[in-house]
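Please read the two topics alongside the sequence and the model shown here.

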Amino acid sequence: MRYQHLFVRRIERKMHHFIPRNPQILFAENVKSMEMKVTAMEKFIRRFSLVELEMATNDLDNKNVIGYGNMGLMYKAEFPNGLLVAVKRLHRFESFEKEFLSEIEILGRLSHTNLVQLLDFCFEMGKKFLVYKYMINGTLHQWLYGRPHQAVMKIGWTLRLNIAVGLAKGLAWLHHNNVLRVAHLKLNSKCILLDDKFDPKISNFGNVIILMNTSGTPLSASSFVVPY
């Protein structure tokens, strides 16, 4: 009987690991883990409260939506001081944890005239927001494919050349700067933003590959080689 009792106890201990855990407990643990990672990002970018963002976007009113992508919705917002910003609200049905943290770290450490400027971020109750400087002329894709013919004609060859040169400068700096060298890998006309002077700004840094760290040592995990 003694050996039988011990055998039953051993089976019970093993079965304990197969018992599904409470989804609410799992969610709370995931949020706590994410909160620790996000807190570490505050050394790169200022953190906003959800209340501040809801006020700027009129409680995330759909009338303020200016774009929709794989990661979430983009809102046009205005803060009390008159500053216009673009607020990206990441989808809740996808984690996008890696992309969220990567965007904060990359744009928090790098600054260049041809990179989009990340101003703030927000993480509360599992909700993720990224706040960028507003680009009045939208994306290059909108001008090339999504606007009436008259507007497309405004993007003449001289302006297109200037945009191409600006993009080349931005990419070259990303590959060879002395802070954090990265490869974008997913550059297209939809992630090229245009300011009031049609100067290009590279955006969407959620899936970049870091080529070299601040010590100047190439990362062994990356097999990507920048062509010369």
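In what follows, Ala, Val, Leu, Ile, Met, Phe, Trp, Tyr, Cys and Pro count as nonpolar, Asp, Glu, Lys and Arg as charged, and the others, Gly among them, as polar. The model is predicted, so that local features need pLDDT of at least 70 and side-chain atom pairs pLDDT 80 or more, while totals for chains, interfaces and linings use all residues. Residues are numbered from 1 along each chain as its sequence is written, and side-chain values use heavy atoms, with hydrogens and water left out.

**Largest pocket**
- The lining of the largest pocket divides into 15 nonpolar, 14 polar and six charged residues.
- Among its 35 lining residues, G69, M74, T139, K190 and N204 lie nearest the centre of the largest pocket.
- Two or more lining residues come from each of β2 (65-68), β3 (72-78), β4 (84-90), β6 and α5 (140-146).

**Strand β5 and its partners**
- In strand β5 (residues 118-124), five of the seven residues are buried, meaning under 20% relative accessible area with a 1.4 Å probe and protein chains only.
- Strand β1 (residues 46-47) runs parallel to β5 and is joined to β5 by two bridges, strands being paired if DSSP finds at least two bridges between them.
- Strand β6 (residues 127-133) runs antiparallel to β5, with six bridges joining the two.
- F121 in β5 stands opposite R47, and the bridge partner of F121 in β6 is L130.
- Two residues lie between β5 and β6 in their hairpin, where M125 in the turn has a positive phi of about 55 degrees.

Conventions. Buried < 20%, exposed > 50% of the residue type's maximum accessible area, 1.4 Å probe, protein only. Helix = DSSP H or I, 4+ residues; strand = E, 2+ residues; numbered from the N terminus. 1 Å grid on protein atoms, 1.4 Å probe; cavity = no way out; pocket = protein on both sides within 12 Å on 5 of 7 lines; lining within 4 Å.
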